[in-house]
Amino acid sequence: MRNGGLMLCAAALLFCAPAYAGDEDLADEVRRLKEQLKESRREMDEQRRRLDAQDETIRSMKEQRSALLSEEVAAYLDATRTAQGATRGPLEGLRISIGWVGVAQGTIGNEPANRLVGDGTLMMDFEATITDNLSGFVEIIANTGPSGNPTAFGSLSPANGTGSFGPIGAPTATGIFDGVGVDGTQSFNASPIDVYQAGIRHSMPVGDRTLPGEIGGLDPRNRFSQNAFADDELTQFINNSFDDAPAVNWITTAPRGTSVFGLHMWMEFGSNRQITVNWGWFNEVGPVFNNGQFYIQFAWKGELNGRETNLRILGFLDGYTEASVSEDVAGGGVSWDWWASDRAGVFVRINANGGDFNPVDFDASAGVMFRGLVGSRPDDTLGIAIGFISLQTVVAGPLAPFNPTEDTEFTVEIYYRYLMEDGKLQFTPHLMYISDPAGGVGWTEDSLFILGLRIYVPF
């Protein structure tokens, strides 16, 4: 209040000063009031600085008190666990994820031999944190297909026992070698209930970096040739031409039912860890170090026109597929994806191998994915992709004498993923067109149309 009065007096005197310029006493009084005003301002600034310092001290003391309290609670809990003789509970660090997928697909335009097939798979994944650097995992699948194997559009005896459907064809080119084909959700294992993957992961310090690795029953398809828009048969394209590169001789899919042992490691480089190099060795259980498969991949994550892009370059050396003729097969491929805009992503994937056992010696695919085309449904996605497969004659091995009438297979797939229940219930109708399936081997028509519906429930 005192400072406010001084300011008012000073202002009044300054206003009136010109009228009494000749009054020396009044001028002295004005100067005195000005000095008092400056001093009052200095005192106010100093008080404000002291209050700010006190506030900072109080905040610092609160933070220290909170940290000390947290440390005391943690120490008390650790001491209590130790005293009770159990440092970890039986479920501590255990994470469980479960999902179910069902697929129904039917052929169109093959009257009277049209087929409608269905399949379902339940997936249960367990991962346990053992220490900060060590964890274990088990992934179990239960598939309703016949003996766990994929349902092809061949002969079928219907449940009513009235006789068999006439076959309309054999597997497409994507299913000749790996047995998966037009439904990528199918299990490749030989039994309806199976341990899909199981093993341990460990991170080992190497200088100022870490070297993560995993060992056990591993599927290389989940670790190499990945793609942001064409790599997940549960939510993206379902045809195996876009899901798993058919020109790569994946050991986990041929021959069917093989129990696979794998050792996989990787390391990240760059200031932002934008470069990853991973490699792995895979073989059937038993002769682990003889005639296996070696994969190595270089991956770069960056930006193109300010938007995320990924480039992966894969190489493999396969001594397993053609082990009977003592021949090592080399091959590889490129996988690229890019968010071209806020709502559209594009991808390209190309692969090839130099062997004689796989009917597919080259494959290429490209596509686009749109997100949120309908304003009221921002999470729905639309996917369109085309795939090209080059076929060759097989003269040796279990698939001989495969001799295609046409040396190519061409595939188009369109899907729309409709999300409900905050994404916990997903409906994906899809349409496929396949020209010259399997190069014409075992097929009565040179064009195949498939209309399907996938239902996926992650919980």
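Visitor: Is Glu127 buried, partly exposed or exposed?

Guide: Glu127 counts as partly exposed, at 27% relative accessibility. Here buried means under 20% relative accessible area, exposed over 50%, and partly exposed in between, with a 1.4 Å probe and protein chains only. Keep in mind that this is a predicted model, where local features need pLDDT of at least 70, side-chain atom pairs count only at pLDDT 80 or more, and totals for chains, interfaces and linings use all residues. Residues are numbered from 1 along each chain as its sequence is written, and side-chain values use heavy atoms, with hydrogens and water left out.

Visitor: Okay, what does the Glu127 side chain meet in a salt bridge?

Guide: Arg201, at 3.7 Å from N to O. A salt bridge is a side-chain nitrogen of Lys or Arg within 4 Å of a carboxyl oxygen of Asp or Glu. Arg201 sits in strand β4 (residues 193–206) and Glu127 in strand β2 (residues 116–129), 74 residues apart. Strands (E, at least two residues) and helices (H or I, at least four) are DSSP runs, numbered from the N terminus.

Visitor: Which residues do salt bridges with shared partners join into one network?

Guide: Arg95, Glu127, Arg201, Glu214 and Arg223. The structure holds 13 salt bridges.

Visitor: New topic: how many cavities of 30 Å³ or more are there?

Guide: One. On a 1 Å grid over the protein atoms alone, a cavity is a set of points where a 1.4 Å probe fits but cannot get out, and lining residues have an atom within 4 Å of a point. The volume is the space filled by probe spheres set on the points, which are joined across faces, edges and corners.

Visitor: What lines the largest cavity?

Guide: The lining includes Phe370, Arg371, Asp380 and Tyr416. β12 (360–371) and β13 (381–391) each supply at least two residues of that lining.

Definitions and conventions. On a 1 Å grid over the protein atoms alone, a cavity is a set of points where a 1.4 Å probe fits but cannot get out, and a pocket is an open set with protein on both sides within 12 Å along at least five of seven lines; lining residues have an atom within 4 Å of a point.
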